[in-house]
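Visitor: Before we discuss any labels, could you show me the model and let me ask what stands behind the words used for it?

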Amino acid sequence: MVATFLRPRRSVLLTGVMSLYLLYTLIPLLWLVINASKTREALFSTPGLWFGDQFALFANIAETLSYNDGIFLRWVGNTVLYVVLGAGGATLLATAAGYGLAKFRFTGRRAVFAVVLGAIAIPPSALAVPTFLMFTELGLTNTPWAVIIPSLIHPFGLYLIWVYAVDGIPDDLLESARIDGAGEIRIFRTVALRLLAPGIATVALFTTVATWNNYFLPLIMLSDQKLFPLTVGLSQWSAQAQGVNARPIYDLVITGSLLMIIPLIAAFLLLQRFWQSGLAAGSVKQ
Amino acid sequence: MTTRRHGKVAVALAAALALGISGCSSGSSSDGSTPAANGTQDAVDAALQQGGEITYWTWTPQAEEQVAAFQQEHPNVKVKLENVGTGNDHYTKLQNVIKAGSGAPDVAQVEYKAMPQFALTDALVDLNQYGFGAFEKDYTASTWASSKVGDGLYGLPQDSGPMALFYNKKVFDQYGITVPKTWDEYLAAARKLHAADPTKYLAADNGDSGFTTSMIWQAGGRPFNTEGKSVSINLADPGVKKWTAVWNQMLSEKLLAQIPPWNEEWYRALGNGTIASAPTGAWWPGVLASSVAEGAGQWAVAPMPTYDGQPVTAESGGSAQSVLKQSKNPALGAAFVRWLNNSRSSIKIFLDTGGFPATTADLGSAEFRDKPSEYFAGQQINQVLTAAADQVAKGWTYLPYQLYADSIYNDTVGKAYLAGTDINSGLMDWQKALVDYGNQQGFSVKAG
C-alpha cells in the first residue's frame with residue numbers, strides 16, 4: 001500500500017462505481033424534469049428520455065395547481081403543516097430526550113435506551129395498523145392529529161442526539177454552569193442547545209424528510225382527500241390510471257412529483273454541512 | 001463500545017423482524033352468511049323521506065356528478081363523497097375501519113371479485129331485507145350473480161365487463177392478419193405478427209391475476225368453490241389446462257409483450273401498434289377513447305376467440321355498490337344505492353361518461369346498441385359488446401379472500417411469467433399458498 005492517509009490513491013474502480021451510481025441517481029431525476037415538460041399526448045407518444053415537440057412545463061404546472069379545484073395546493077399546505085408540527089415536534093422531543101439520556105443518570109436509563117434501539121429497528125409501516133386501531137379507539141382517525149402525533153416519535157433522532165451529546169457537551173461545562181447557579185432548564189436552553197446545534201439540524205433534516213415522504217401512515221389514517229399530504233394525494237392521482245375507470249393524468253403526477261421534491265432538494269442543500277458533520281459525530285473518539 | 005452497540009442493534013433487529021411481519025393481515029372469523037328475511041322497500045322510502053347524511057366511498061369518476069344529481073333530487077339528503085384510493089388502497093382502508101369497528105362509510109364501491117370477502121366477514125348489509133331482490137330482472141345474469149354470496153344480496157351492480165377481443169385493425173390489415181375466432185387461430189396470428197415485425201406483439205401480459213382468472217373463467221375452469229367455511233381450490237382443472245395450453249405457448253415463444261398494464265409505457269404501446277390486440281372487458285373503449293388519443297380510428301372489436309368455436313365469454317372487472325353494516329342509517333344508504341344503480345338519471349350520467357352498464361334495459365336498447373363509436377372509426381361496437389354480455393359463462397365464483405390471492409399472484413404465477421416457464425407450475429405454487437393462507441384464516445381449505 002503506497003497510499004497514505006494524507007494522499008489517498010485514486011482508484012479507477014471506485015471512481016467507475018461512483019460514476020455509475022451518480023448516473024443511477026441522476027437519470028430518474030432527469031427523466032422527471034424532461035417528462036414534466038411534455039403534454040399528456042406526447043408523454044405516451046415520445047421516447048422517455050427526450051423532450052416532446054412542445055415545451056409544456058408551465059402549462060403542466062398551471063394545470064397541476066388547478067386540477068380538481070386546486071387540491072394540489074391544499075395537499076402542499078397539509079404537508080407543510082405535518083412537517084412543521086410533526087417533524088418540528090419530533091426534533092424537539094428527540095433533542096430533549098437524547099440530552100437527558102446522555103447527561104443524567106437515573107434508574108431505568110438502560111431500559112429506555114434498549115427500547116429506543118429496538119424501536120429504531122422496527123419499520124414504521126409495521127406499526128401503522130396497530131396505531132390505526134388505537135387511534136380509532138381515541139376517535140382521532142381522519143384528523144390531522146392522526147398523522148402528526150405518530151410523527152412526533154423519532155427514535156433514530158433521539159439516538160443521534162444522544163451520541164452527539166455524549167461527546168459534544170463536556171460534563172465539566174455543565175458542572176461549572178451548575179456551580180454558577182444555572183437551573184437545569186436554563187442550562188439546556190443556553191448551553192446544551194447551542195452545542196447541539198449541528199446535531200439538531202441533522203435530526204431536523206431527517207425528520208423533515210421522513211415526514212415529507214410519509215406515505216403509509218397517512219394512507220391508512222386519512223380518508224378525507226382534503227387532509228391528504230402530497231404523497232398520498234399524488235399516489236391517488238397516479239392510481240387513476242388503473243382499471244375499469246382508468247383516467248390517467250400521468251402528466252400531472254409527474255409535474256406534481258417534480259414540484260414536490262424541490263423543497264427537499266433545497267433543504268438538503270441548505271442543511272448539507274450540518275448533515276455531514278452530524279453523520280460523522282460519534283465516529284471518532286477525541 | 002462499537003462492537004457492543006452493533007450487538008444490541010442486531011438483537012433488536014431480529015426481534016423486530018419476528019414481530020413486524022404481522023402488520024397487514026386482515027380477516028375476521030365471524031360467519032356472516034345468515035340470510036336476512038326478505039323485506040319490502042317501505043323502510044327505504046321512509047328513510048329517503050326523512051333525509052339525513054351518508055358517506056360514500058368510491059373511485060369511480062362519475063361519482064361526483066351522480067352525487068350532485070342525487071342531492072338535487074333529494075335535497076334533504078347530504079352525501080359526503082370520499083375517494084380513499086383506487087383498488088387495493090380502497091380495500092385496505094375498508095378492512096381497517098371494519099376491523100376497528102367504526103369509521104366505515106355508509107355506502108362503498110365493491111368490485112365483484114371482492115364481494116365474497118366483504119360479505120363473508122359480515123361487513124355488508126343483505127339488501128334482501130329491503131326487498132331489493134325484486135330488481136333481479138333489471139341486471140345481467142352474471143353481474144347479479146356476482147353481487148350475491150349464497151342467498152344474500154350484498155350490493156346492486158353498477159357496471160359490467162363482458163370480455164371481447166379488441167384489436168388494432170391498422171396493424172392487422174398491414175400484416176394480413178384475419179381476426180381470430182379460436183384461440184388456436186389467435187396463437188397462429190401472434191406468431192405471424194411477431195415474425196413479420198419483431199417489435200410488435202399480438203398481446204401484452206406480464207402476469208396479471210385479474211386477466212388469469214377471467215381467462216380461466218372463459219375456458220370453463222371453476223377453480224374456486226366456497227360452501228360456508230369450506231373452500232376448495234383446484235387450479236389444475238380441465239378449464240385451467242385449456243387456457244394454459246394456449247398461453248404457455250404464447251409465453252414460451254415470447255409472443256407476449258412484457259409490459260405491465262396501466263403504466264405509461266403500456267398506454268404508449270396501445271397507441272403505436274406495439275400491442276396489437278387485447279382480450280378484455282367491455283369498459284375498454286372508455287379507457288382507449290379518453291387516454292390513447294394516438295390510436296383513434298385504428299381499433300376495432302370482435303367477439304372473444306373461443307376454444308371450440310361456440311360463443312362464450314367471461315367478465316373482467318366491474319363493481320357493485322354495497323351498504324355497510326356499520327352504517328347508522330342503512331336504509332338511507334340502501335336508498336342511495338337504489339338511486340345510484342337503478343334510476344334513469346344516475347345511469348344516464350354513468351353512460352355519458354363512457355361506462356358500460358349492467359342493466360338489461362340499457363344493454364337491450366337500440367339507441368345504445370347501434371350507436372356508432374367515433375373512436376372505433378364508426379364501428380357499432382356495442383353490438384359486439386352487448387352480445388357478449390349475454391354469453392358470459394355461468395357458475396364462476398371468486399375466493400372469499402381474493403384480494404389476498406391477487407396480492408401474492410406475482411410471487412407465484414408471476415415468477416413463471418418472469419422465467420418464461422410453465423404457467424401450470426406457477427399456478428400450483430399459487431394454489432399451495434392459497435390453501436395454507438385460507439386454513440390460517442379459519443377456513444377449511446382443501447386442494448382439488
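Predicted model: local features only at pLDDT ≥ 70, side-chain atom pairs only at ≥ 80, totals over all residues.

Visitor: Why is Tyr67(A) called partly exposed?

Guide: Tyr67(A), which is found in helix 3 (residues 57–103) of chain A, has 15 C-beta neighbours inside 10 Å; because a buried residue needs 20 or more and an exposed one has 12 or fewer, Tyr67(A) counts as partly exposed.

Visitor: Which residues is Tyr67(A) in contact with, leaving aside its neighbours within four places in sequence?

Guide: With those neighbours set aside, Tyr67(A) is in contact with Phe72(A) and Leu252(A), whereas its C-alpha atom is separated by 38 Å from that of Ile200(A), 133 residues apart along the chain.

Visitor: How do you describe the way helix 18 of chain B and helix 19 of chain B cross?

Guide: Two packed helices are described by the angle between their axes and the distance between those axes. For helix 18 (residues 402–419) and helix 19 (residues 423–440) of chain B, the axes come within 8 Å and cross at roughly 145 degrees, and the crossing is right-handed. By class, their contact has twelve nonpolar, three polar and two charged residues.

Visitor: What makes up the contact between chain A and chain B?

Guide: The contact takes 35 residues from chain A and 42 residues from chain B. On the side of chain A that touches chain B, the largest share, seven residues, comes from helix 5 of chain A, and the residues of that side divide into 19 nonpolar, 13 polar and three charged.

Methods. Residues numbered from 1 in each chain as written. Chains lettered and ligands numbered in written order. Axes fitted to C-alpha atoms, helices over the stretch in contact; angles between N-to-C directions. Helix = DSSP H or I, 4+ residues; strand = E, 2+ residues; numbered from the N terminus. Left-handed = near helix turned anticlockwise from the far one by under 90°. Nonpolar A, V, L, I, M, F, W, Y, C, P; charged D, E, K, R; others polar. Contact = placed C-beta atoms within 7 Å.
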